[in-house]
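Take a look around the model below.

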Amino acid sequence: MDNSAHLSTHQWATPRPAAVALGIGGVILLVAAVWAAGDPAGLVLMGTAGLLLLGFSGYALLIRPRLAVITAPDGRPAILVRTIGGAHTYPRDRIDRIRLLDFRRIGRRTGQLEFDFLQHDAPTTASADDALRDDTRLVVFSRWDLGADLGAVAEDLRRAGFVVDDQRA
C-alpha cells in the first residue's frame, strides 16, 4: 500500500470479540487435550482443533481491516484488501466486477461479496465477446470476514462510487 493513501471510515473486518472467543476456545481445547493425554486419539483431535482455532483467531485479529475504501494518491477512491500476503490496493480501473450474491446452503441462506480484480498486466478493457475474463483475481468475502451485513457493505461501496451488481434472490 502506498503511504500517501489513507483509510476512510469505510473499513470492515471480523469482529474482535468473535476472534477473541475463537482464541479462548482454542486455549480450552489445548488444555483439554493435555488433560486427556491418556487418550492418544483425543489428544491429537483436541490438540489439532485447538491449534486451528488459535491460528484462525490470530488471523482474524492481525489481518485488519480485511476490506476498506481508501483515497488513492490521485484523489479517487480505491479498494484495499488485506490478506496474509499483505495489503493490496486496487484503483477503480483495476476492478472488473463487484457482485453481491446469495446462496442456499444446508437449509439456510448465506451471502458473499465477490470482487474480480484485474491482474497487473491485464488490459483494463476487455473484448466485446468476453463474458468471463481469465486475467482477473477473485476475492470473496462473507459476513464473517467483514463483520457487517453484506447489503450494507455493498451500499457503502456504491456511495463511494463503485458499481455493485446485486444478484441476491
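**Getting to know the model**

Q: Is Arg109 buried, exposed or partly exposed?
A: Arg109 has a relative accessibility of 39%. Buried means under 20% relative accessible area, exposed means over 50%, and partly exposed is what lies in between, with a 1.4 Å probe and protein chains only. At 39%, then, Arg109 counts as partly exposed.

Q: What kind of model is this?
A: Residues are numbered from 1 along each chain as its sequence is written, and side-chain values use heavy atoms, leaving out hydrogens and water. Local features need pLDDT of at least 70 and side-chain atom pairs count only at pLDDT 80 or more, while totals for chains, interfaces and linings use all residues, since the model is predicted.

Q: How many salt bridges does a search of the whole structure find?
A: One of them joins Glu114 and Arg99, whose closest N and O atoms are 2.5 Å apart. The search of the whole structure comes to eight.

Q: How many residues apart in sequence are the parts that Glu114 and Arg99 tie together?
A: Helices (H or I, at least four residues) and strands (E, at least two) are DSSP runs, numbered from the N terminus. Both residues are buried, Glu114 at 9% and Arg99 at 17% relative accessibility. Glu114 lies in strand β6 and Arg99 in strand β5 (residues 95-105), so the parts they tie together are apart in sequence by 15 residues.

Q: Why are Arg158 and Glu155 separated by about one helical turn?
A: These two form a salt bridge, with the closest N and O atoms 3.2 Å apart. An α-helix has 3.6 residues a turn, so residues three or four places apart point the same way. Arg158 and Glu155 are about one turn from each other because they are three residues apart in helix α4.

Q: Are the rings of Tyr90 and Phe117 stacked, tilted or edge-to-face?
A: Rings of Phe, Tyr and Trp (its six-membered ring) pair if their centres lie within 6.5 Å; planes under 30 degrees apart count as stacked, over 60 as edge-to-face and the rest as tilted. By this rule there are four aromatic pairs. With centres 3.8 Å apart and planes at 10 degrees, the Tyr90 and Phe117 pair is stacked.

Q: Which residues do ring pairs link into a cluster?
A: Tyr90 sits in strand β4 (residues 86-91) and Phe117 in strand β6 (residues 108-118), so that pair ties together parts 27 residues apart in sequence. Phe117 also stacks with Phe115, at 5.4 Å centre to centre and 10 degrees between the planes. Tyr90 is buried at 6%, and Phe117 at 0%. The whole cluster is Tyr90, Phe115, Phe117 and Phe141.

Q: Which helix supplies the largest share of the nonpolar patch?
A: The patch covers about 480 Å² and is made by Val20, Ile24, Ile28, Leu61 and Leu62. Helices α1 (16-35) and α2 (40-62) each supply at least two of its residues. Ile28 is exposed at 54%. The largest share, three residues, comes from α1.

Conventions:
Patches are made of residues with over 30% relative accessible area and no salt bridge: like charges are joined within 9 Å, nonpolar side chains (Val, Leu, Ile, Met, Phe, Trp, Tyr) within 5 Å. Accessible areas come from the Shrake-Rupley method with a 1.4 Å probe; for residues, only the protein chains shown count as cover. A salt bridge is a side-chain nitrogen of Lys or Arg within 4 Å of a carboxyl oxygen of Asp or Glu.
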